[in-house]
Amino acid sequence: MPIWNTGEECLDVEERAQMQLERLQSTLNRAYKNVPYYRNRLQEKGIEPSQIEALVDLQQIPFTAREDFSDNYPYGLFAVPLRDVVRIHTAQGSALKPTVSGFTKPDLAVWREMVARALYASGVSKSDILQIDVDPGLINWGRAYKDGAEAIESSVIPLTILTPEKQLMLLRDYKTSVLITSHSAAKQMMHLVFRANLNPNELALKTVILVGEPPEVAIQERLKDELHVKTWVHYGLSEVPGPALAFECEARQGLHVSEDHFFPEVVDPATGRAVPEGEAGELVLTTLTTRAFPLVRYRTGDRVRLVPGTCPCGRSLSRIEWLPSRTDEMRVIRGVKVNHQQILYLIERTLGFLPPSHRFLIRSEDLRDFLEVWLKVDEALFSDEVKGMERLCLRLDRELTQELGVPVKIRLKEEGSFQSQPFSPLIEDLRQQFPG
Amino acid sequence: MLRVRNLKCYYGKIRAINAVSLSVRPRELIALIGANGAGKSTLLQAICGLLPNWEGEILFDKESLQGFKAPAIVQRGISLVPEGRLLFAPMTVLDNLRLGAYLRYRKRDHQRIGEDLESVMELFPVLRERAGQPAGTLSGGEQQMLAIARALMARPRLLLLDEPSMGLAPFLVRLILDTLVQLKEQGMTILLIEQNARAALQIADRGYVLENGQIVLDGAAADLLADQDVKRAYLGKDYREFYEGRA
């Protein structure tokens with residue numbers, strides 16, 4: 001399989017370590033100089049950027065967490081004047097405020113290059129018709145994938161919010177050969193193909209790129225067997241700054257991290273200390289080239305393991321194995337990250353109060369994953385008009401769907417539903433395992 | 001080829017270079033840009049062994065240059081074209097060139113020195129015309145050419161240049177920089193220090209921006225050329241002016 005940027009992707013390991021150190025130091029110098037948040041954090045610890053003399057010294061620097069994005073809303077973490085920013089992205093935050101990230105023109109070029117290299121490794125070429133179908137919660141990725149695919153000169157069908165049935169119609173009629181989607185949406189698409197009595201051989205589809213969720217082997221096997229496609233996994237960050245910062249190559253031995261732009265660390269989520277090489281832990285990322293929105297030791301919440309050794313594909317970029325489940329309270333629905341605090345806040349905002357009993361479930365119907373919210377009907381919620389209750393459900397449904405970017409169902413339940421068994425205050429995952 | 005890690009240089013108690021890391025790969029032309037007093041020349045002096053007491057690591061072909069004096073470093077293949085040229089003004093052009101090969105004369109490398117004299121005079125034909133003239137009588141551009149030619153006479157593998165465009169008319173700057181491109185094409189590795197950021201980045205492969213003794217930016221020269229921060233540094237405008245009306 002061809003390599004998009006041999007110079008960077010196959011760079012001599014020692015040469016790369018030098019380059020990473022140079023880039024890390026200049027990133028820290030910029031962050032220290034231009035972002036008060038980072039300067040204060042370092043000063044609290046009595047660290048100056050010049051003390052970071054090796055890549056391992058990075059471990060002295062405090063982590064950046066998702067909460068820091070909302071605390072510095074909107075532009076507090078920008079390292080360049082707004083005049084230099086050419087794109088501003090809004091993504092879900094963990095708290096009340098969304099996450100705002102910015103891109104300079106060179107930043108966008110870097111993303112274009114990174115996405116292009118990931119797509120190229122998945123065998124995407126200029127003769128492909130590439131369809132992007134991710135949930136609204138991942139809309140920023142839609143843009144990045146469009147840019148990257150255009151760099152390869154594929155024919156791109158950009159992200160358009162359509163029903164799954166319409167997406168399938170496009171897939172069939174436009175002769176899509178590459179589909180970028182989440183595991184959940186791919187699962188559903190496969191279901192629709194068979195429900196519509198479509199012969200998979202009538203489709204031009206040959207490649208499915210799975211994003212947003214850790215790979216589920218069973219789904220990939222089914223996709224391969226039943227739709228006769230190759231599947232590839234890309235890893236990205238939905239909050240900031242984008243998709244495809246790690247990608248699978250034909251050797252299928254983990255995902256190559258674009259280490260020329262991101263420095264990966266794997267830490268023990270409990271202690272924050274680096275895990276021994278090859279052991280599982282939380283992925284922590286530091287940007288090396290980003291100008292507008294540098295991240296220093298950002299805790300992703302994703303569980304990974306660094307794959308030791310060299311890859312037969314020839315790339316010297318180190319590899320991660322993306323493991324299921326997360327190290328934090330976030331849950332991933334159709335590639336979109338959702339957390340219970342956020343749901344609580346949205347309910348309270350919409351209703352004006354928070355019903356005392358509630359349950360949040362991830363369920364699946366016709367292989368379509370969605371979030372189900374149970375609320376206990378009490379005096380405050382009760383209305384003697386059925387219409388009134390329906391209206392309330394609709395309003396909540398609309399608000400949550402819009403804000404979270406995933407499908408939501410509201411269920412009003414009686415007291416008994418909350419008494420039967422102890423349940424988690426967090427989001428419960430009740431999706432049936434996909435039959436292998 | 002050249003690898004600098006965490007270099008710190010001091011003038012007394014003042015730290016002029018504060019943990020700088022940079023690298024020059026074989027056959028690359030690297031531009032190091034930055035304002036006056038950013039520490040550019042200090043950095044070059046440390047590499048050339050003209051500055052004692054630096055800390056950190058300077059590796060040339062994976063060999064540390066720590067403790068080496070200037071002649072030893074020239075012998076290893078690094079030549080400097082210093083800021084302000086520093087020619088031997090009363091001496092002739094030819095003698096200046098011969099002095100560039102001083103270490104080689106001691107090794108009795110006469111024949112190859114003669115060939116190199118020919119080749120630098122081919123590179124700068126004006127030096128042949130002025131060969132017998134005292135260096136001090138040359139124009140600014142000619143003096144710069146002589147300074148470069150003298151550095152080449154040591155047969156370096158890495159050529160360091162400190163502000164070669166300083167005080168020259170734009171067409172002469174062009175001429176000097178074109179020569180550097182020509183040298184690069186012939187296989188020379190070059191580290192170029194310039195205040196004239198635009199001119200330097202136009203011919204460089206990669207660049208580093210030095211500010212207050214620290215690298216604040218690095219990347220492909222074309223990217224830096226398009227960079228707002230570099231434009232600001234180049235134009236000498238400060239953040240506030242760019243911020244106004246926007247933030």
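## A four-stranded sheet in chain A

In this predicted model, chain A contains an open sheet of four strands, arranged in the order β18-β17-β16-β19 with mixed pairing. Its edges are formed by β18 (408-413) and β19 (427-429) of chain A, each of which pairs on one side only. On average, and with direction ignored, neighbouring strands of this sheet are turned by 30° against each other.

Within this sheet, strand β16 (residues 358-365) of chain A runs parallel to β19(A), and three bridges join the two. Opposite A:Leu361 stands A:Glu428, which belongs to β19(A). Helix α11 (residues 386-404) of chain A packs on the sheet, where it touches β17 (368-376) and β18 of chain A, and the direction of the helix makes about 145° with that of β18(A).

## Strand β7 of chain A and its partners

Strand β7 (residues 230-235) of chain A is largely enclosed by the rest of the structure, because five of its six residues are buried. Four bridges pair β7(A) in the parallel sense with strand β6 (residues 207-211) of chain A, and here A:Trp232 of β7(A) is the bridge partner of A:Ile209. Together with helix α9 (residues 217-227) of chain A, the strands β6(A) and β7(A) make a right-handed β-α-β unit.

Strand β7(A) is also joined by two bridges to strand β8 (residues 246-248) of chain A, and these two strands run antiparallel. In this pairing, A:Tyr235 stands opposite A:Ala246 of β8(A).

## Antiparallel pairings of β13 in chain A

Strand β13 (residues 319-326) of chain A pairs in the antiparallel sense with strand β9 (residues 255-257) of chain A over two bridges, and A:Arg319 in β13(A) is the bridge partner of A:His256. Strand β12 (residues 298-307) of chain A likewise runs antiparallel to β13(A), to which six bridges join it. There, A:Asp302 stands opposite A:Arg326 of β13(A).

## Two helices packed in chain A

Helix α7 (residues 164-173) and helix α8 (residues 183-195) of chain A pack at an angle of about 75°, and their axes are 10 Å apart. With that angle, α7(A) is roughly perpendicular to α8(A). On the side of α7(A), the contact is made by A:Pro164, A:Glu165, A:Gln167 and A:Leu168, while α8(A) contributes A:Gln188, A:Met189, A:Leu192 and A:Val193. By class, the residues of this contact divide into five nonpolar, two polar and one charged.

## A six-stranded sheet in chain B

Chain B holds an open sheet of six strands, in the order β6-β7-β8-β3-β9-β10 and with mixed pairing. The edge strands here are β6 (78-81) and β10 (214-220) of chain B, each pairing on one side only, and the twist from one strand to the next averages 15°. Strand β3 (residues 29-33) of chain B runs parallel to strand β8 (residues 189-194) of chain B, with five bridges joining them, and B:Leu29 stands opposite B:Ile190 in β8(B).

Two helices accompany this part of chain B. Helix α8 (residues 170-185) of chain B packs on the sheet and touches β3, β7 and β8 of chain B, its direction making about 160° with that of β8(B). Helix α7 (residues 140-152) of chain B lies across β6 and β7 (158-162) of chain B, and runs at about 170° to β6(B).

## A residue of strand β4 in chain B

B:Glu55 is found in strand β4 (residues 55-60) of chain B. This residue counts as partly exposed, with 14 other C-beta atoms within 10 Å. Between B:Glu55 and B:Ala200, which are 145 residues apart along the chain, the C-alpha atoms are separated by 28 Å.

## Where the chains meet

Across the interface, 18 residues of chain A are in contact with 23 residues of chain B. On the side of chain A that touches chain B, α2 (13-34) and α5 (105-121) of chain A each supply at least two residues, and the largest share, nine residues, comes from α2(A). Sorted by class, this side of chain A has four nonpolar, six polar and eight charged residues.

Key:
Residues numbered from 1 in each chain as written. Chains lettered and ligands numbered in written order. Predicted model: local features only at pLDDT ≥ 70, side-chain atom pairs only at ≥ 80, totals over all residues. Axes fitted to C-alpha atoms, helices over the stretch in contact; angles between N-to-C directions. Parallel < 35°, antiparallel > 145°, perpendicular 65-115°, else oblique. Contact = placed C-beta atoms within 7 Å. Nonpolar A, V, L, I, M, F, W, Y, C, P; charged D, E, K, R; others polar. Pairing = 2+ DSSP bridges. Buried ≥ 20, exposed ≤ 12 C-beta atoms within 10 Å, placed from the backbone. Right-handed = clockwise from strand over helix to strand, strands pointing away.
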